[in-house]
Amino acid sequence: EQQYNFTEIEKKWQQRWEERKQYKVEVDHSKKKLYILEMFPYPSGRIHMGHVRNYSIGDVIARFKVMQGYNVLHPMGWDAFGLPAENAAIKNKSHPARWTRSNIENMRERLQRLGFSYDWDRELATCDQLYYKWEQWLFLKMYEKGLVYKKKSIVNWCDECNTSLANEQIEGDKCWRGHTSIGQRELEQWHFRVTDYAEELLEFCDKLPGWPERVLTMQKNWIGKSYGTSVLFPLADGSENIEIFTTRPDTLYGATFMVLAPEHPMARSLSAGTPQEKAVLDFVNRIGLQEKAVRTDEATEKEGVFTGKYAINPLTQEQIPIWVANFVLMEYGTGAIMAVPTHDQRDFEFAQKYQLPLRVVIQPPDTKLSVDTMTQAYIEDGVLVNSGRFDGMKNREAIQKITEYLADQGIGKATINYRLRDWGISRQRYWGNPIPIIHCDDCGSVPVPYEDLPVILPEDIEFSAVGGNPLSHIPEFVNVRCPRCGKAARRETDTMDTFVDSSWYYMRYACPHYDEGPLEKEAVQYWMTVNQYIGGIEHAILHLLYSRFFTKVLRDLGIVDFDEPFDNLLTQGMVIKDGRKMSKSFGNVVDPDSQMEKFGADATRLFILFAAPPEKDLDWSDQAAEGSFRFLNRLWRLVYNVLPDIQGQKTGTVEQPTLPTAVKNLRRMTHSTIQKVTEDLDGRFHFNTAISTIMELVNAMYAFELPHEGSEDREVAVRALREAIESTIVLLAPFVPHITEELWETLGHTSSVFNEPWLQYDQEAAKAEEILIVVQVNGKVRSRITISADASDDVIKQQALADERIKAYIEGKPLRKVVVVPKKLVNIVV
Ligand code: ANZ
Ligand code: ZN
């Protein structure tokens with residue numbers, strides 16, 4: 001008997017697929033296209049179980065859709081720029097390019113060994129010159145459109161990464177790579193004007209029905225739209241105004257002091273020359289190092305310092321002190337607030353601590369607040385008091401009325417504020433896409449002319465531990481002529497955030513070798529948008545938001561003609577073991593390599609798809625992983641067991657009604673399995689239940705006994721068995737492509753199982769068996785009904801009561817009891 005030798009089989013089919021270019025696709029207008037995409041990996045050097053899961057999910061969908069007749073784009077590439085390459089290079093005295101390229105070789109080989117159906121001819125790496133050249137081109141187009149600008153800003157700085165980080169790249173008190181040494185610095189940074197698109201990005205959150213609600217909520221919160229009012233508070237000496245943003249202009253009469261963010265330019269200038277100067281400076285320096293998330297945390301102690309200056313409350317005309325405090329952030333609103341301690345809890349705590357004055361301006365309907373007895377801010381609705389002409393007005397109404405009044409006076413207006421910031425894309429590192437700008441003393445920042453692209457990232461570079469940006473130590477790179485005036489100038493040495501690279505790679509897959517522009521119109525028009533995107537929830541905000549932004553920018557540049565890149569999004573759960581995320585630091589990593597060695601690629605894929613629905617976390621179990629392997633062996637043996645009987649035989653049956661019961665039952669299972677698996681795969685991705693249904697069919701085949709040779713039922717039975725076996729192989733093919741190809745060939749087919757059209761089920765055959773049920777009234781048989789064998793007790797009962805003959809017996813009598821004996825009888829007691 002032939003053994004299931006997965007090593008041999010998997011190699012054999014991978015070679016054949018490659019020879020036949022099985023997964024190569026081309027624009028073909030005669031076919032409907034589908035674009036199935038998994039988030040591309042960072043070439044860290046190894047494939048982990050999270051990757052295997054992500055790509056197995058995508059592969060099942062892609063293969064299933066191919067069999068359904070779609071022209072499916074299913075590409076793979078590498079998010080190849082980034083810090084780890086640089087850090088590894090410094091550590092191993094290697095070069096980031098070499099490190100990255102060899103990791104890519106390594107990982108590509110693993111992905112091929114897992115048998116994923118990628119069109120490798122479309123492979124791209126973001127560190128390819130051809131790729132980053134067109135990204136520089138896009139940068140320049142955006143620059144022309146005013147979507148790129150440079151600004152001096154205080155940036156988050158990670159000492160370990162030795163670079164600045166976008167706000168989005170900070171999680172809690174760590175950088176997105178997990179380092180804790182986060183501080184702040186002031187640097188000139190290039191920014192993308194994402195905020196220009198804030199409204200559209202928000203609005204379209206409601207036009208993405210194929211995205212998980214959770215992700216859309218995260219995106220909405222990140223954009224953080226809030227309606228409010230901006231108000232000018234003049235300084236007491238009349239020299240200047242401080243602009244604040246508030247969502248509660250109804251509380252304006254209660255603003256008894258003001259607070260500036262420590263980073264606010266006026267924090268320092270106001271105190272200059274006052275006795276408070278030193279205290280303010282010390283405070284600003286100290287708080288500057290405090291983590292933003294910590295600063296705004298409710299639990300954090302609010303602290304501040306008086307600037308020594310006063311402003312005028314524009315409605316009460318009173319002088320109010322101006323403070324600087326940790327809980328006000330420069331990044332939000334205007335970086336300055338009016339503080340209303342009676343109606344804002346943070347302000348209340350601050351006022352208590354520093355003994356600042358309070359004034360109630362909103363009274364609740366039931367009790368009467370007094371500043372002497374308040375123990376917390378009153379933040380609910382009520383009626384205005386101590387508010388001049390607005391006294392007696394409901395506060396909700398006053399929000400609008402006071403805003404109107406301020407607008408009339410020219411000292412305020414309704415404003416919409418977004419939490420979303422412009423995207424700082426400058427990185428002071430080597431291994432990234434050079435920003436195509438030249439700095440000239442006379443001409444300022446001058447874009448590199450299009451014909452000079454790409455600005456090549458020099459590969460001939462010494463990696464010492466000089467620190468800072470290695471590019472600035474390469475004179476040949478830095479010293480250039482100004483493209484405008486020809487004088488000696490300096491090349492920009494910042495490189496782009498790698499999130500720029502991943503913001504458009506999915507479009508480039510449509511035309512990865514194109515060199516007339518970033519995107520070839522016809523190809524992109526055909527392939528985009530991505531019908532199904534699959535990736536980790538950790539990208540719910542950054543990567544997806546930036547990609548959406550890029551799509552809209554490219555649309556406005558006339559390069560693409562759609563608004564959103566990803567129709568459907570599936571965020572897969574984590575792979576966990578012993579209740580925790582698989583990770584080196586927990587020492588619970590199961591290495592895909594060793595799994596593949598022990599059980600093969602098919603069994604590894606099967607387990608990972610079987611163990612949990614894609615969105616849920618997957619609890620790794622060695623026994624269950626082995627179980628998948630055992631199942632494949634069982635399938636293998638089954639085929640070889642029945643091979644002599646079914647070889648060369650036809651499949652299917654023509655006259656369903658006259659079949660022997662056992663044959664009918666097998667056919668019913670086959671066709672209901674086809675139905676169930678198709679429904680589970682199509683848009684629902686219930687891979688685990690699909691697989692377990694197929695497993696039941698395999699069990700049924702083991703239990704099925706062929707009538708002996710010469711018996712008159714023999715032929716239909718053989719046909720039904722062959723049909724069941726072939727169906728099983730086709731249905732399993734998207735999950736376990738190698739063993740199914742092999743068994744398909746064993747059954748005598750000469751073409752790939754992936755050239756098979758997906759199975760259609762025969763409705764008649766799939767129909768559940770009908771059984772006869774006896775219906776009694778008070779113990780006497782009064783009728784018989786036929787009903788589907790899988791009908792529930794409740795359905796049987798309803799049917800029995802609705803039977804015409806039975807109705808005649810029970811009409812008008814109160815029902816006492818109805819007893820259902822499953823599959824046999826119903827007894828109605830009246
Ligand atoms: C006065 C006031 C009175 C406020 C009151 C609230 C309640 P959202 O909803 O998130 O937009 N604020 C404004 N800019 C700030 C900054 N840079 N740092 C910290 N806090 C800031 O919140 C808007 C409210 O947050 C604003 O309304 C302001 O406090 C505060 F009874 O102004 B409010
Ligand atoms: Zn110049």
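Q: What places T247 in polar contact with ligand 1?
A: In this predicted model, a backbone N or O atom of T247 lies 3.1 Å from an oxygen atom of ligand 1. A polar contact requires a pair of N or O atoms within 3.5 Å, so the pair at T247 qualifies.

Q: Which atoms of L329 and R346 lie at what distances from a nitrogen atom of ligand 1?
A: For L329, a backbone N or O atom lies 2.6 Å from a nitrogen atom of the ligand. For R346, a polar side-chain atom lies 3.5 Å from a nitrogen atom of ligand 1. The protein covers 83% of the 650 Å² of accessible area that ligand 1 has on its own.

Q: Which strands supply at least two residues each to the shell around ligand 1?
A: They are β11 (241–246) and β15 (336–339). By class, the shell comprises 8 nonpolar, 6 polar and 3 charged residues.

Q: What makes the arrangement around the zinc ion (ligand 2) tetrahedral?
A: Four donors count as tetrahedral if all angles lie between 85 and 135 degrees. The 4 donor atoms subtend angles of 105 to 113°, and the arrangement is therefore tetrahedral. These donors are the SG atoms of C440, C443, C482 and C485, at 2.2 to 2.4 Å from the zinc ion. Their spacing in sequence is C-x2-C-x38-C-x2-C.

Q: Why is C440 called buried, and why is C443 called partly exposed?
A: Buried means under 20% relative accessible area, and partly exposed lies between that limit and 50%. C440 has 7% relative accessibility and therefore counts as buried. C443 has a relative accessible area of 25%, so C443 is partly exposed.

Definitions and conventions:
Residues numbered from 1 in each chain as written. Chains lettered and ligands numbered in written order. Predicted model: local features only at pLDDT ≥ 70, side-chain atom pairs only at ≥ 80, totals over all residues. Heavy atoms only, no water. Polar contact = N/O pair within 3.5 Å; in protein donor to acceptor, adjacent residues only side chain to side chain. Areas by Shrake-Rupley, 256 points an atom, 1.4 Å probe, with all protein chains shown as cover. Helix = DSSP H or I, 4+ residues; strand = E, 2+ residues; numbered from the N terminus. Nonpolar A, V, L, I, M, F, W, Y, C, P; charged D, E, K, R; others polar. Donors = N, O, S within 2.8 Å, 3.2 Å for Na, K, Ca; no water. Tetrahedral: all angles 85-135°; square planar, octahedral: opposite > 155°, others 65-115°. Buried < 20%, exposed > 50% of the residue type's maximum accessible area, 1.4 Å probe, protein only.
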